[in-house]
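Take a look at the structure below.

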Amino acid sequence: MGAERITVGEVSAGEAAGRSVDLPIVDILTGRGFITGKSGSGKSNSASVIAEKLLDQGYGLLAVDIDGEYYGLKEEYEILHVGADEECDLQVSVEHAEKLASLALEQGVPIILDVSSFLDERDARELLKEVAKQLFAKEKKVKQPFLMLVEEVHEYIPEGGGMDECGRMLVKVGKRGRKHGLGIIGISQRPADVKKDFITQCDWLLWHRLTWSNDTKVAGRILGSEYSDKVEELGDGECFMMSDFEESLRQVQMERKRTFDAGATPGWTTSSDRS
């Protein structure tokens with residue numbers, strides 16, 4: 001697995017324009033990632049593209065879904081949709097956390113955890129905390145590379161205010177999960193609201209279009225001051241990709257996800273569409 005890679009897009013500017021962009025699977029599965037951009041910029045599309053590519057290769061993941069972004073994965077993949085209402089494949093609560101972690105790691109079942117289906121947000125957060133805790137504990141023994149994708153991560157790991165047990169557990173996964181094989185991707189449209197310690201510890205980051213000054217300042221602080229303005233000018237599905245494993249910063253046009261998403265942003269095409 002160490003040398004395997006997934007193609008997620010192509011360079012869209014500079015001397016390398018048109019060159020395919022490949023990411024190392026092991027670093028994505030076990031590392032710390034951050035995907036950000038304003039609503040409609042393509043951040044959730046990018047997360048879905050990465051999820052699809054990993055699922056294509058048979059790797060496991062758990063997507064913490066806030067707005068039904070990942071339900072479309074069921075069109076092409078055997079993925080278990082769990083939550084609190086009847087539309088889910090399986091209705092779950094906190095006592096099912098250990099079973100969900102076992103299904104994910106020991107049986108290789110990809111999972112969508114639909115937190116939007118819970119009437120009480122506290123129940124959803126308690127379940128997510130326990131699932132993350134069980135995944136972390138089991139990975140010490142199983143050591144099966146596995147990825148958590150967490151939408152609206154600023155709700156769990158906020159920059160301002162206190163952080164509850166759920167947030168602290170996700171931070172623990174980010175800091176210590178890698179050596180056990182457990183990775184995390186945090187996704188947010190408001191980087192200014194995400195705890196900076198989480199962002200700065202990420203191995204790879206995708207910065208889609210941002211326009212609020214507080215958010216563009218964060219981009220400038222992480223990428224370089226000149227990017228405070230550049231990040232406002234990115235097209236749909238385009239991002240600045242920064243990674244430790246490539247030691248590079250590239251302007252990238254991400255592929256468009258294959259599976260359905262009711263919230264998908266139209267307007268950009270894959271390289272095959274353009275040719």
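## A strand covered on both faces

Start with strand S10 (204-207). Both of its faces are covered. Trp204 and Leu206 lie on one side, Leu205 and Trp207 on the other, and all are buried. Buried means under 20% relative accessible area, exposed means over 50%, and partly exposed falls in between (1.4 Å probe, protein chains only). Strands (E, at least two residues) and helices (H or I, at least four) are DSSP runs, numbered from the N terminus.

This is a predicted model: local features need pLDDT of at least 70, side-chain atom pairs count only at pLDDT 80 or more, and totals for chains, interfaces and linings use all residues. Residues are numbered from 1 along each chain as its sequence is written, and side-chain values use heavy atoms, with hydrogens and water left out.

## The sheet

S10 belongs to an open sheet of twelve strands with mixed pairing. The order is S2-S1-S12-S11-S10-S3-S9-S8-S4-S7-S5-S6. Strand S2 (20-24) and strand S6 (90-91) stand at the edges. Each has a single partner strand, so one side of each is left without a neighbour in the sheet. Two strands pair if DSSP finds at least two bridges between them. Strands of a sheet pair through backbone hydrogen bonds, either parallel or antiparallel.

How do S10 and its partners pair? S3 and S10 run in the parallel sense, over four bridges. Phe34 has Leu205 in S10 as its bridge partner. S10 and S11 pair in the antiparallel sense, also over four bridges. Here Trp207 stands opposite Phe240 in S11. Gly83 stands opposite Gln91 in S6.

## Helices on the sheet

Helix H4 (residues 121-142) packs on the sheet. H4 touches strand S4 (60-65), strand S7 (111-114), S8 and strand S9 (182-188). Contact means heavy atoms within 4.5 Å. The direction of H4 makes about 160° with that of S8. H5 packs on the sheet too, touching strand S3 (32-36), S8 and S9. The direction of H5 makes about 125° with that of S9. For these angles, axes are lines fitted to C-alpha atoms, for helices over the stretch in contact, and angles run from 0 to 180 degrees between N-to-C directions.

Helix H7 (residues 213-223) has buried residues: Asp215, Thr216, Val218, Ala219, Gly220 and Leu223. Their cover includes helix H6 (196-200), S10 and strand S12 (248-254). Gly224 follows H7, and its phi is positive, near 130°.

## The cores and the aromatic cluster

The largest nonpolar core has 52 residues. A nonpolar core is a set of buried Ala, Val, Leu, Ile, Met, Phe, Trp, Tyr and Cys residues joined through side-chain atoms within 4.5 Å. Those with the most contacts inside this core are Phe34, Leu135, Met148, Tyr156, Leu170 and Trp207. H4 gives the most to the core, with seven residues. Apart from it lies another core of 33 residues, among them Val21, Tyr70, Leu147 and Leu149.

The whole structure holds three aromatic pairs. Rings of Phe, Tyr and Trp (its six-membered ring) pair if their centres lie within 6.5 Å; planes under 30 degrees apart count as stacked, over 60 as edge-to-face and the rest as tilted. Phe34 and Phe198 form an edge-to-face pair, 6.5 Å centre to centre with 80° between the planes. Phe34 lies in strand S3 and Phe198 in helix H6, so the pair ties together parts that are 164 residues apart in sequence. The rings of Phe34 and Trp207 have centres 5.9 Å apart and planes at 75°, so this pair is edge-to-face. Phe34 and Trp207 are 173 residues apart. Phe34, Phe198 and Trp207 form one aromatic cluster. Phe34 has 0% relative accessibility, and Trp207 has a relative accessible area of 0%.

Is His154 buried or exposed? His154 counts as buried, at 16% relative accessibility. His154 sits in the loop between strand S8 (146-150) and helix H5 (165-176). Its side chain makes a polar contact with the side chain of Ser188 (2.7 Å). A polar contact is a pair of N or O atoms within 3.5 Å; within protein, one must be able to donate a hydrogen and the other to accept it, and residues adjacent in sequence count only if both atoms are side-chain atoms.

Gln253 is found in strand S12. Gln253 is buried, with a relative accessible area of 14%. A polar atom of its side chain lies 3.1 Å from the backbone oxygen of Asp236.
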